[in-house]
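Trainee: I am new to this structure and would like to learn how to read it. Could we look at it together, feature by feature?

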Amino acid sequence: MATELSVRFVTRQDYDRWLPLWDAYNAFYGRSGTTALAPQITAMTWARFFDAYEPVHALVAESAGELIGLTHYLFHRSTTAIEPVCYLQDLFTSEAARGKGVGRALINGVYEQARGAGCRRVYWQTHETNHTAMQLYDKLAERSGFVVYRKLF
């Protein structure tokens, strides 16, 4: 990018700049209009980033004073490891920032936090139609081969 890119923890003062990215991320996955997340889910998600007892964290990418990307990740236990595991749950960059290294910088930011927390594994999932993102992901990690199943209640 022409201007300097920084990846940092989100702050409470970032809410008004984070929210449009969060809304766009959710819209990308079909959660908008009548299928939008309930406002209390967004409020709880935001609150969790600042609760020391929560394992949920957020990083943002900033350039020229503008937030241009976000990632949310969490640490959890595993039955196959003693150390915690890191799940990169959300990753989004603004349309104008795509293809400029923002996604890579955010993923590397999560890697850095995971290493600092003693994790030996970071994993995430994406929709099978998200081919553009998968081109980046294939350069930064390996596909596990696992298929995700879910049951909604």
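Trainee: How many helices and strands does the protein chain have?

Mentor: Helices (H or I, at least four residues) and strands (E, at least two) are DSSP runs, numbered from the N terminus. Here the protein chain has four helices and five strands. Their order from the N terminus is β-α-α-β-β-β-α-β-α. The radius of gyration of the protein chain is 15 Å, close to the 15 Å that the globule rule gives for 153 residues, so the chain is as compact as a globular protein of that length. That radius is taken over C-alpha atoms, and the globule rule is 2.2 Å times the number of residues to the power 0.38.

Trainee: Which ground rules apply to the model?

Mentor: This is a predicted model, in which local features need pLDDT of at least 70 and side-chain atom pairs count only at pLDDT 80 or more, while totals for chains, interfaces and linings use all residues. Residues are numbered from 1 along each chain as its sequence is written, and side-chain values use heavy atoms, with hydrogens and water left out.

Trainee: Where does Val 85 lie, and is it buried or exposed?

Mentor: Val 85 lies in strand β4, residues 81-93, and it counts as buried at 2% relative accessibility. Leaving aside neighbours within four places in sequence, Val 85 has contacts that include Leu 74, Phe 75, Cys 119 and Tyr 123. Val 85 and Arg 120 are 35 residues apart in sequence, yet 6.8 Å apart in space, C-alpha to C-alpha.

Trainee: How many disulfides are there?

Mentor: A disulfide is a pair of cysteine sulfur atoms within 2.5 Å. By this rule the count is zero. Cys 86 is in no disulfide, and the nearest cysteine sulfur, that of Cys 119, is 5.4 Å away. That distance is too far for a bond. Cys 86 is buried, with a relative accessible area of 0%, and Cys 119 counts as buried at 9%.

Trainee: Which helix holds Asn 26?

Mentor: Asn 26 is found in helix α1, residues 15-28. It is buried, at 4% relative accessibility. Apart from neighbours within four places in sequence, Asn 26 is in contact with Arg 31 and Leu 37.

Trainee: What can a phi angle tell me?

Mentor: Most residues other than glycine have a negative phi. Ala 64 has a positive phi of about 50° although it is not a glycine. Ala 64 lies in the loop between β2 (56-63) and β3 (66-78), and at 70% relative accessibility it counts as exposed.

Trainee: Where is Glu 54 placed?

Mentor: Glu 54 is in the loop between α2 (39-48) and β2. It is partly exposed, with a relative accessible area of 25%.

How values were computed
Buried < 20%, exposed > 50% of the residue type's maximum accessible area, 1.4 Å probe, protein only. Contact = heavy atoms within 4.5 Å.
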